[in-house]
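The structure is shown first.

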Amino acid sequence: MLWAAIDFVCREAALHLRRERLIAIATISTVAVLLLVLGTVVLFLLDVRVWTDEMSRALEVSAYFERDFPREKVEQIAEEISRWPAVRETEFVAKEEGWEWLKSQLASSTQLKDLENPLPDRVRVHVTSPSNVPDVAKQLEEVEGVKDVVPSAADAGRRGSFSRRVVQARRAVAYAGIAVGILVALAGIFIVHNTIRLALHSRWREIYIMQLIGATRFVIAAPFLIEGMIQAALGAALACCILVPAHMYLRSLTARSAPFVFLAPDSNMLPFALILLLAGALLGLTGSAISIRRYMGRRPDWHG
Amino acid sequence: MPAAVEIRDVTVTYPNGLQALSNISLTVDDGEFVFLVGPTGHGKSTLLKLLYRDEVPTQGQVLVSGWDVARLSPSHVARLRRRVGVVFQDFRLLPRTAWENVAFALHATGSPYRQVLRRVPQALASVGLLDRVDDYPSQLSAGEQQCLAIARVLALRPPLMLADEPTGNLDPDSTTHVMDLLSKANEEGATVIVATHDPSVVNAMRHRVVAMRNGEIVSDTPEGHYPDALGCD
């Protein structure tokens with residue numbers, strides 16, 4: 001009995017996908033356009049997130065020690081700091097190493113040749129999140145032997161500081177992502193619901209006959225749900241076929257001509273495509289479920 | 001064993017205030033053939049709708065095979081409707097082939113594939129449409145379309161068959177054929193209730209006649225004729 005019902009449901013879904021091609025094309029293309037918009041927004045947000053992540057990776061706090069502070073103790077302190085929860089990693093930079101780097105970076109390094117090294121030992125501290133910069137800077141200022149911290153806790157906590165801007169940008173991206181996601185999902189359900197309602201309108205006779213002869217609600221609704229899901233997933237696949245190659249091309253283009261622009265890596269494209277497919281299938285399922293619910297209890301005029 | 005149909009003091013009032021049925025009671029035993037007669041708009045169709053739960057009574061109780069139809073859950077409504085086959089004046093066929101129309105009903109009610117392959121030709125043969133299996137309803141005459149609608153019901157083998165003006169759109173020859181099919185179903189054990197306002201259909205057969213006027217049962221005669229006082233429309 002159950003197998004017969006499943007067999008019927010699948011056959012009916014396949015029959016309608018085959019017979020009602022125009023309606024299927026309308027649904028698939030509508031969903032494709034919608035998910036193209038949603039996918040573009042998601043990719044943009046993903047890229048912005050990748051960019052802010054790169055920015056936060058570049059964020060660091062440097063602790064400069066007293067010139068006469070023992071190097072062994074500096075190295076030991078650097079090791080201890082690396083265990084702080086808000087710290088990702090530390091790097092000890094000996095004053096000689098720092099001086100060599102500085103000379104190599106300055107165009108007129110020959111003029112520095114005879115100068116005595118003015119730099120102290122320092123520890124570069126990379127934080128786990130941009131929001132940790134002020135706290136880490138404050139803690140570093142209290143560490144024994146530290147003479148100067150750049151940026152200082154006061155500078156890092158100031159409005160308009162780089163770390164605060166990165167934190168704000170990340171937060172804005174997250175909120176915008178949620179808001180756009182909700183709006184597009186609602187619009188998607190509405191559009192899919194209306195498209196599928198059109199498809200259902202041409203088939204209310206079947207729904208009515210099925211109700212009349214005693215088909216269960218599952219048997220009546222399932223072919224429409226499957227159809228809606230498959231059509232929306234096909235629309236999502238179409239959107240993926242456009243978005244993924246376009247993003248990969250854009251990334252290769254920026255890697256060559258604008259290396260300071262960070263875009264989401266190609267390895268992110270497979271999960272992105274799978275999520276978009278899943279979102280499409282869910283949209284189709286939800287839209288169909290809403291539509292079929294409205295039709296189930298109706299007694300239409302057979303001649304209307 | 002409960003009666004096939006038991007209607008107890010039933011009143012149906014539509015939301016617009018129109019009273020379609022007024023305190024009627026009726027019992028139909030298993031295996032009976034009953035004509036429900038009366039002019040159009042006097043409650044025959046509403047009474048049939050109560051039996052397949054397309055309507056629910058405003059007051060009173062409707063029992064089909066002992067089931068109180070007004071109190072059924074959605075899944076039980078589906079089970080009730082598998083026991084009640086309905087034939088309409090306007091056939092209500094799908095724009096599919098004759099075979100597919102009958103097979104659709106069997107598949108939709110969960111019949112296994114082998115049973116469908118066995119029952120569809122049986123049902124189509126019993127109404128004389130075995131040579132038209134690939135024809136669409138639009139390629140069939142009105143009489144043949146009604147035969148196809150009956151084949152769809154026969155394939156499901158319901159113990160109760162309802163026919164709402166089944167000959168309303170048919171010529172005399174087709175009318176005779178359709179009534180023969182319903183009689184045959186009755187002889188094979190089904191309880192049959194036919195709503196009609198056509199005296200010739202009723203008078204050509206000797207069955208119980210329940211007459212309705214203004215939503216009330218005005219006479220109930222075993223092996224009766226169409227009451228002259230009712231009129232035809």
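## Strands, cores and interface

In this predicted model, strand E1 (residues 60-65) of chain A runs antiparallel to strand E3 (residues 122-127) of chain A, and five bridges join the two. Within E3(A), A:Val125 is the residue opposite A:Val61. E3(A) also pairs with strand E2 (residues 87-93) of chain A, again in the antiparallel sense, over six bridges. Here A:Phe92 has A:Val123 of E3(A) as its bridge partner.

The two pairings are set out below.

| Strand | Partner | Sense | Bridges |
|---|---|---|---|
| E1 (residues 60-65) of chain A | E3 (residues 122-127) of chain A | antiparallel | five bridges |
| E2 (residues 87-93) of chain A | E3(A) | antiparallel | six bridges |

The largest nonpolar core holds 117 residues, and the members that touch the most others are B:Leu36, B:Val102, B:Ile150, B:Ala151 and B:Leu162. Helix H10 (residues 217-257) of chain A supplies the largest share of this core, 15 residues. Beyond its neighbours within four places in sequence, B:Leu162 contacts B:Leu48, B:Leu51, B:Tyr52, B:Val84, B:Val86 and B:Ile193.

Between the chains, 18 residues of chain A are in contact with 20 residues of chain B. On the chain B side, the elements giving two or more residues are helix H2 (74-82) and helix H3 (98-108) of chain B. H2(B) gives the most, with six residues. By residue type, this side of chain B comprises nine nonpolar, five polar and six charged residues.

Definitions and conventions: Residues are numbered from 1 along each chain as its sequence is written. Chains are lettered from A and ligands numbered from 1 in the order in which they are written. This is a predicted model: local features need pLDDT of at least 70, side-chain atom pairs count only at pLDDT 80 or more; totals for chains, interfaces and linings use all residues. Two residues are in contact if their C-beta atoms, placed from the backbone, lie within 7 Å. Helices (H or I, at least four residues) and strands (E, at least two) are DSSP runs, numbered from the N terminus. Ala, Val, Leu, Ile, Met, Phe, Trp, Tyr, Cys and Pro count as nonpolar, Asp, Glu, Lys and Arg as charged, and the others, Gly among them, as polar. A nonpolar core is a set of buried Ala, Val, Leu, Ile, Met, Phe, Trp, Tyr and Cys residues joined through C-beta atoms within 7 Å. A residue is buried if 20 or more other C-beta atoms lie within 10 Å of its own, exposed if 12 or fewer, and partly exposed in between; C-beta atoms are placed from the backbone. Two strands pair if DSSP finds at least two bridges between them.
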